Amino acid sequence: MRLIQLVPAGTKIGFMRVRNYALLFSTVVCLVSIVAAFVQGFNFGIDFRGGILIEIRTQGPADIAGLRTKLNGLGLGEVQLQGFGRPDDVLIRIQRQEGSEAAQNQAVEKVRATLGTAVEYRRVESVGPKVSGELIQSGVYATLVALLAIMVYIWFRFEWQFGVGATIATVHDVISMIGLFSIFQLEFDLTTVAAVLTIAGYSVNDTVVVYDRLRENLRKYKSMPLEQLIDLSINETLSRTILTSTTTLLAVLALFFFGGPVIHGFSLAMIWGIVFGTYSSIYVASPMLVHFKLRRGNFADEAEQKQTASP
Amino acid sequence: MMYIARWKLILSLLVTVVSFIFTAPNFLDRKTADSLPAWIPHQQVNLGLDLRGGAYLLIEVKVEDAIKDNLNSIVDSVRTALTGRTARIGYTNLGRIQNGVTVTIRNPDEVARAVQLLRDSEKGLSIDSEGQRITLKLTEETLRERRRALVEQAREIVRRRIDEQGLREADIQAQGASRILVQLPGIGDPEEIKRLIGKPAKMTFHLLNEAVSPQELATGRAPPATEFLPSDTDKLPDGRPVVYPVRTRVMVSGENLIDAQPTIEQGRPVVSFRFDTVGARRFADVTRRNVGKPFAIVLDKKVISAPVIREPILGGNGIISGNFTTESARELSVLLRSGALPAPLTFVEERTVGPGLGADSIRAGSIACAIAMIAVVAFMWLAYGLFGTFANLALVVNIAMIVGLLSLLQATLTLPGIAGIVLTIGMAVDANVLIYERMREEQRAGRTPISAMDAGFTRAFSTIFDTHITPLIGGVMLYFVGSGPVRGFAVTLAIGIITSLFSATMLTRLMAVYWMRRTRPKRLPL
């Protein structure tokens, strides 16, 4: 049987030659993301904004206009309705109710009373202002702590330049993911944070593989210029990088197409994160080492000491 | 390399077999699984509310409100203490402050006496005086203890109220300092239960102030020690509720109730109740002295019944005959039996999933799992042939380990949790990819099959270890921030990462070594 090889043996792609363009591209993506986040903000889901989300299934195709008129008559502020997957499924979003959390509960009761029992309530979520504030806080906190923990781990396993390089690549992925959600105004909720944290871990994963090989090659080829060495290491691990990204992407694509609308946003974030994470471990994480002037001394010394110790 | 320690072999086979044994009950239907004898593993994966349908309610106990009430009663008792017959101390500016009460004594000479008096009457408070001003503060310790007790008490009452509804699978737990998390599987519309849980259910018996004229009642301004309270059900012809002039002094309170049951009397639903000894004695005293006078039974500031005392009630048993339906009589007895909430409750977060969406999510999740599995298995086979098959077999064991562990630990599987499993399917083979790519390289560099395989497994390991640690860090963080479903994702992701470390390295290696020993290939088929 002939096995498929996505990357033929002996592939030599000059990744480092275009590293400045890649860096420019990444900088632009990150800047655009940051600007979008500040200017445009996010389409926060009710987890973070507070409010009410109700998914109903009507008998027969839903009369969205009719439902909208009915619900707007309740005086609950902004009410959004949209179709959701099927013609008889409707997603209703109601803004966070002013005043106490009790107002929020009353609003849910009002909607239930208005829509009656003829519709199937598939999902009712109501998050008060207090909890939504806490969820934002803990989401931000967790992302920062995760990044820090990952950086410390890499630092502990490699030279500090690797730690910083891996962190920059990961932060780059996180920022671009957040940017994606801001630019396209995709709904940003708790599952998005889950996707971001997973991608943070996953992206470092790719980076670590390249770094591991780089460290090995630093000892093996002592006189090779750093840039050439990085190119060699990336090329040697390219097959693995592509294969692993492919299997993970296959799984997440299955989730995106067949996992149902509830985790659509999550799988979309994952797809983006995997693609971008793969890119960043090649074009961001490794070139960083050149910029940080990774000294070869440490590795060379180590090797020499070993030689002198065993004459 | 070709040698594998016997204990490793035995351990690997054991783990594999045990995983399948613990996974097996999930293929049975629930009843069959439950009927298995205890020594056979029979636990199934615990499905989260988003998959089986149900209500998730996060309730906040408004502890500070209760503490404010508590301070108000301290204000009252300070007033009583200072104006008492023996004390007669003049004061001004008596009122509540943050976590305490303050009062100013008019005559500086009486401050010391006042402090002594208050020390005797108010225990558990720190009492300081500064000039003529005396402050009574709840100590940090008292506050902490009181908060804890309030939440605990509220949780117990919520539990009783839910138990009374016959919801056996309900899960009620304290969360954080002042919250209660209630999970009700199978409940699609929690409004009824929320109403029941949220009712303060403070019941008190009062005499009516008969001196109040209908004109006074109409003005709405109540004379001292009297409160105008609306009837729960009775309405005036114009639709407004009937109002009663209720004396604020409590005759007997619901705390002294020991039982309440709905019954039928003269064809109408009523609630019969029984007092404890203290309550019975007090009730007997008051009814004996007030025969012929009306009294009011007040529930949460509403009069549910205002009968006339026909004869002294001495046995401590009584009947409340308001305008009940069978259902409302039952509900009132449930509330009275479970007791009054020590502090108000608010619902700060609610997530309800209907059974329809839950079933759809399970179906979608399973399909996504199956398709991811097929795609990854096919891909690995195409890329690595026989070695791909080893990886695929290990992947199957890996899934069994995840499901088996979830069943064993009774961790909750949620929809994001299924996503975590799907993701594991994609990432678990990463270790194999790393190993196989390394083997290819080493073979290309001219090594013999045995030495290439050896290099593949040993050299890739440190990389594999690193690549597993970092996602694990993300997963652990997620576990701590995530609530409900997202936490489920963290759990399956973390379990999947750990199990894949075992299956992708140990198991594949085992298979590869046995295959090598039998076939002695000239080249690795990679």
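Predicted model: local features only at pLDDT ≥ 70, side-chain atom pairs only at ≥ 80, totals over all residues.
Residues are numbered from 1 along each chain as its sequence is written, and chains are lettered from A and ligands numbered from 1 in the order in which they are written.

I turn to the two chains together. Two residues are in contact if their C-beta atoms, placed from the backbone, lie within 7 Å; by that rule, 63 residues of chain B are in contact with 62 residues of chain A. On the chain B side, the elements that give two or more residues are α7 (191-198), β18 (345-353), α11 (355-409), α12 (415-428), α13 (430-444), α14 (449-481) and α15 (484-519). Here helices (H or I, at least four residues) and strands (E, at least two) are DSSP runs, numbered from the N terminus. Helix α11(B) supplies the largest share of that side, 17 residues. By class, the side has 36 nonpolar, 16 polar and 11 charged residues; Ala, Val, Leu, Ile, Met, Phe, Trp, Tyr, Cys and Pro count as nonpolar, Asp, Glu, Lys and Arg as charged, and the others, Gly among them, as polar.

A strand pairing also links the chains. Two strands pair if DSSP finds at least two bridges between them. Strand β5 (residues 120-127) of chain A and β18(B) run antiparallel and are joined by five bridges, with A:Ser126 opposite B:Glu350.

Next, the interior. A nonpolar core is a set of buried Ala, Val, Leu, Ile, Met, Phe, Trp, Tyr and Cys residues joined through C-beta atoms within 7 Å. A residue is buried if 20 or more other C-beta atoms lie within 10 Å of its own, exposed if 12 or fewer, and partly exposed in between. The largest nonpolar core has 212 residues, and those with the most contacts inside it are A:Ala251, B:Ala154, B:Ala372, B:Val376 and B:Val422. Helix α11(B) gives the largest share of this core, 26 residues. Beyond its neighbours within four places in sequence, A:Ala251 is in contact with B:Ala372, B:Val376, B:Val422, B:Leu423, B:Ile425 and B:Gly426. Apart from this core lies another, of 10 residues, among them B:Val78, B:Ala114, B:Ile134 and B:Leu136.

Finally, a sheet in chain B. Four strands form an open, antiparallel sheet in the order β3-β4-β6-β5. Strands β3 (91-97) and β5 (125-130) of chain B each have a single partner strand, so one side of each is left without a neighbour in the sheet. Five bridges join β3(B) to β4(B), where B:Tyr91 has B:Ile105 as its bridge partner. Their hairpin has two residues between the strands, and B:Asn99 takes a positive phi near 55 degrees. On the other pairing, β4 (residues 100-105) and β6 (residues 133-138) of chain B share five bridges; B:Gly100 stands opposite B:Lys137, and B:Thr104 is the bridge partner of B:Arg133. In a regular strand the side chains alternate between the two faces of the sheet. In β4(B), B:Val101, B:Val103 and B:Ile105 form the covered face, and B:Gly100, B:Thr102 and B:Thr104 the uncovered one.
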